[in-house]
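Here is a short briefing to read alongside the structure.

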Amino acid sequence: MNKLLFIEYPKCSTCQKAKRWLEEKHISFEDRHIIEETPTVEELRQWHQRSRQELKKFFNTSGLKYKALNLKEKLPLLSTEEQFALLASDGMLIKRPLLIGDDFVLTGFQPLLWEKAITSSVK
């Protein structure tokens, strides 16, 4: 297994909790700041495909930007390509943290899911 990619916003308490969890379990990962290095459309497209989730799961629906842009109403009207472009335009629109492995992509921090994905990936 290649090193995991952990994408976070360091001021986010959930990201801090997830990072601490990875460190406590001695899981090696590459850290990436979601604002300083916002994922590209191509990265998002690949991760979405690998995640097997609906694209809406990649949006930070509880974020201020999401609400300010009124995306709850607008998102269903946008094409998939427009949604990818929107996500790539601002890291604060992306659900975080993201954990990316060779064969999985997880949005948000759910310890049981993370444990299962990491364990399955190592085998």
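In this predicted model, the largest pocket has a volume of about 220 Å³. Its lining is made up of 15 residues, and those closest to the pocket centre are Gln-53, Leu-106, Thr-107, Gln-110 and Leu-113.

**Who lines the pocket**

- Two elements each give two or more residues to the lining of the largest pocket: strand 4 (105-107) and helix 6 (111-122).
- Helix 6 is the top contributor to this lining, with six residues.
- Sorted by class, the lining of the largest pocket holds five nonpolar, six polar and four charged residues.

- How many disulfides does a search of the whole structure find? The search turns up zero.
- Cys-12 takes part in no disulfide, and the cysteine sulfur nearest to its own belongs to Cys-15, 3.3 Å away.

**Burial of the two cysteines**

- Is Cys-12 buried or exposed? Cys-12 has a relative accessible area of 13%, so it counts as buried, the cut-off being under 20%.
- Cys-15 is buried too, with a relative accessible area of 0%.

Conventions
Residues are numbered from 1 along each chain as its sequence is written. This is a predicted model: local features need pLDDT of at least 70, side-chain atom pairs count only at pLDDT 80 or more; totals for chains, interfaces and linings use all residues. Side-chain values use heavy atoms; hydrogens and water are left out. On a 1 Å grid over the protein atoms alone, a cavity is a set of points where a 1.4 Å probe fits but cannot get out, and a pocket is an open set with protein on both sides within 12 Å along at least five of seven lines; lining residues have an atom within 4 Å of a point. Grid points are joined across faces, edges and corners, and a volume is the space filled by probe spheres set on the points. Helices (H or I, at least four residues) and strands (E, at least two) are DSSP runs, numbered from the N terminus. Ala, Val, Leu, Ile, Met, Phe, Trp, Tyr, Cys and Pro count as nonpolar, Asp, Glu, Lys and Arg as charged, and the others, Gly among them, as polar. A disulfide is a pair of cysteine sulfur atoms within 2.5 Å. Buried means under 20% relative accessible area, exposed over 50%, partly exposed in between (1.4 Å probe, protein chains only).
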